[in-house]
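Me: I've got this one open now and want to go through it with you. Where shall we start?

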Amino acid sequence: MTQTVPRTAVQQLQQRATADVLIIGGGINGIATFRDLALQGIDVALVERGDYVSGASSASSHMVHGGIRYLENGEFRLVEESVTERNRLIKNAPHYVKPLRTTMPIFSTFSGILSAPWRMLVTHGKGKPKERGACLIKIGLTVYDTFSRDGGSVPRHRFVGRKKSLATFPQMRSDVKYTATYYDASMHDPERIALDVLADGLQAGGDRARAVNYVEAVGYSDGAVILRDNITATEFSFRAKVVLNVSGARTDLTNDAMGQKTSFMGGTKGSHIVLHNDELYAATRGNEIFFEHSDGRIVLIYPFKNRVLVGTTDVNADPSKPVVCTDSEIDYFFDLVRHVFPSIKLEREQIVYTFSGIRPLPKHDDTAPGFVSRDYRIERAELDSVPVLSLVGGKWTTFRALAEHLTNDALKELQAPRLVSTLDLAIGGGKNYPLTAVAQRNWIEQHRGNLGVDRATTLFHRYGTRAAAVLAHLQQGDDELATAPGYSLQELQYLATTEQVAHLDDLLLRRTSIAFLGGMSSETLSDTAAAIGTALDWDAAQQKTEISRLEKILHDNHRVVPGVAGVANVGNPEQ
């Protein structure tokens, strides 16, 4: 399709088609590395073949976690790094990352205590794990506490027996023996965190930092990467002193496109469903329920935003093919909910959204997917004497540390010094974020202008202190869209014109939570297309094209068929 509004950022990239560092991949790891390099004064460019964080980064479990189960693999370095980065994110991104009370229901006492060390040291995840009993979990949580507490700011875990467990969770299985409660962190808006990190990088780098979506690396010739604008189909050459391949599960495919055969990756698919089930939401008592299912997989039931997220699976997948949550995975999710809350009624009509992504895991041969390392490494090669650094692995929680590592390697190639540390650097709307209720009310009153307190409060919680710019924009008008509750026409236009929105799905799937929460009526699509179409100069034909494109994405990738009056019906992607 054509786009009326010029692709200004792409045009600028074409006009100055050189940089010190070219980053291929706009997931959270690529974006975080972009920010870090921009802060060091490096001339850096980033390209992403689709929209920002539209791959695995948008298919997470919405948690920032220390990875307690990695202890079972003996990955103590990764656990320590993960909990340290989790605690940093709570401080650096307080607008999006909050402490999360996590409860593990336990149905045996001694099971797994002998097999766990054997599995860690010898079998390396081959075969089905034994059930993890209370003793094994107690040992794991005690070790986890030593890594996790951050000077005492995170409470220690707590074990209680059957009677207290059922008093707290009356709908839990009656044969529960114990529950263990500890703290990790929630990440309710991962895409918005990534957009904040991206905006920080663009601001820090000025003219030296350029980032574009819908631009793909499709080849390599005469010392230059061949880039293609996937909207206009225009191709152009781009030269860099260092190339960073941070394209996640597609890392080998990207290297192959540039003429370099690699076999680093062995990604696995993880799917989730989002349920509108008030009974299940209430049964969790605000806790993420994190537990071992009957097949030995660690799974979760996670309440937030008046919905319940259920996940996840872990099956081998081909990164060259799209992935979707299947009927069998939905059956699995319903079964795991019943494993803990057997009396709660579940129906497919309660599913408002499904999503799947491919984890960027290393090649793992016959190791069971659930036991493949979530750690990362960097592989170096050269194309015409140009260093190409490929990231293998990585996870949401450790994105800052990973970016620091990758940036340091790039700086070494450039023989440039590190000038700025990101350790304690606030992210986006977390900068100068007021932490107390009184301070938040004062901030809202100071910035709300002629908007009502409730509306200004919503925007503050949606964007953190970056809400100041949104509030200023809305002083001239703030007309709520009835088919997109909580959003106004002017707010959506602001997002469309300031956050590189190229398609309607960019707005509804990643700049907002409208689709995720089940707000996809036919009227929502037409009204939001008209709203941002005015700002992006889409005519009626292009609006119709965008609606058709989004309907196909919702059906094929998320099993959602937009209905009427705000009802989203989960369909069969094979129909």
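Reply: With one term: a contact, or a touch, is heavy atoms within 4.5 Å. This is a predicted model, where local features need pLDDT of at least 70 and side-chain atom pairs count only at pLDDT 80 or more, while totals for chains, interfaces and linings use all residues. Numbering runs from 1 along each chain as its sequence is written, and side-chain values use heavy atoms, leaving out hydrogens and water.

Me: OK, what does Gln493 touch, skipping residues up to four places away in sequence?
Reply: Ala531, Ile532, Thr534 and Ala535, with residues up to four places away in sequence not counted.

Me: Which helix is Gln493 in?
Reply: Gln493 is in helix α15. Helices (DSSP H or I runs of at least four residues) and strands (E runs of at least two) are numbered from the N terminus.

Me: Is Gln493 buried or exposed?
Reply: Gln493 has a relative accessible area of 16%, so it counts as buried. The cut-offs are under 20% relative accessible area for buried, over 50% for exposed and partly exposed in between, with a 1.4 Å probe and protein chains only.

Me: And how many residues of α15 are buried?
Reply: 7 of its 10, so α15 is mostly covered. They are Gln490, Glu491, Leu492, Gln493, Tyr494, Leu495 and Ala496.

Me: What covers the buried residues of α15?
Reply: The cover includes α7, α13 (453-463), α14, α16 (504-511) and α17 (522-536). Just after α15, Gln500 takes a positive phi of about 55°.

Me: Which domains does the second largest pocket lie between?
Reply: Domain 1 (8-57 + 191-263 + 373-414) and domain 3 (434-558) both give residues to its lining, so this pocket lies between them. The bounds come from an automatic or database domain assignment.

Me: How does its lining split by class?
Reply: The second largest pocket is lined by 22 nonpolar, 8 polar and 8 charged residues. Nonpolar here is Ala, Val, Leu, Ile, Met, Phe, Trp, Tyr, Cys and Pro, charged is Asp, Glu, Lys and Arg, and polar is the others, Gly among them.

Me: How many cavities of 30 Å³ or more are there?
Reply: There are 2. The largest has about 50 Å³ of space, and its lining is Arg35, Glu85, Arg88, Leu89, Asn92, Phe399, Arg400, Thr422, Leu425 and Ile427. Two or more of those residues come from each of α3 (76-92) and α11 (399-414), with α3 giving the largest share, 4 residues. That lining divides into 4 nonpolar, 2 polar and 4 charged residues.

Me: Now the largest nonpolar core. Which residues touch the most other members?
Reply: Val21, Ile23, Leu37, Val97, Leu244, Tyr353 and Ile532, out of 107 residues in that core. A nonpolar core is a set of buried Ala, Val, Leu, Ile, Met, Phe, Trp, Tyr and Cys residues joined through side-chain atoms within 4.5 Å. Leaving out residues up to four places away in sequence, Leu244 touches Val21, Leu22, Ile23, Ile24, Thr33, Leu37, Leu389, Leu406 and Ala410. Another core lies apart from it, with 27 residues, including Ile289, Val299, Val337 and Leu346.

Me: What about phi of Arg285?
Reply: Near 55°, which is positive in a residue other than glycine. Arg285 sits in the loop between α9 (278-283) and β12 (288-292), and is partly exposed at 37% relative accessibility. Lys305 also has a positive phi, near 50°, and lies in the loop between β13 (298-304) and β14.

Technical notes:
On a 1 Å grid over the protein atoms alone, a cavity is a set of points where a 1.4 Å probe fits but cannot get out, and a pocket is an open set with protein on both sides within 12 Å along at least five of seven lines; lining residues have an atom within 4 Å of a point. Grid points are joined across faces, edges and corners, and a volume is the space filled by probe spheres set on the points.
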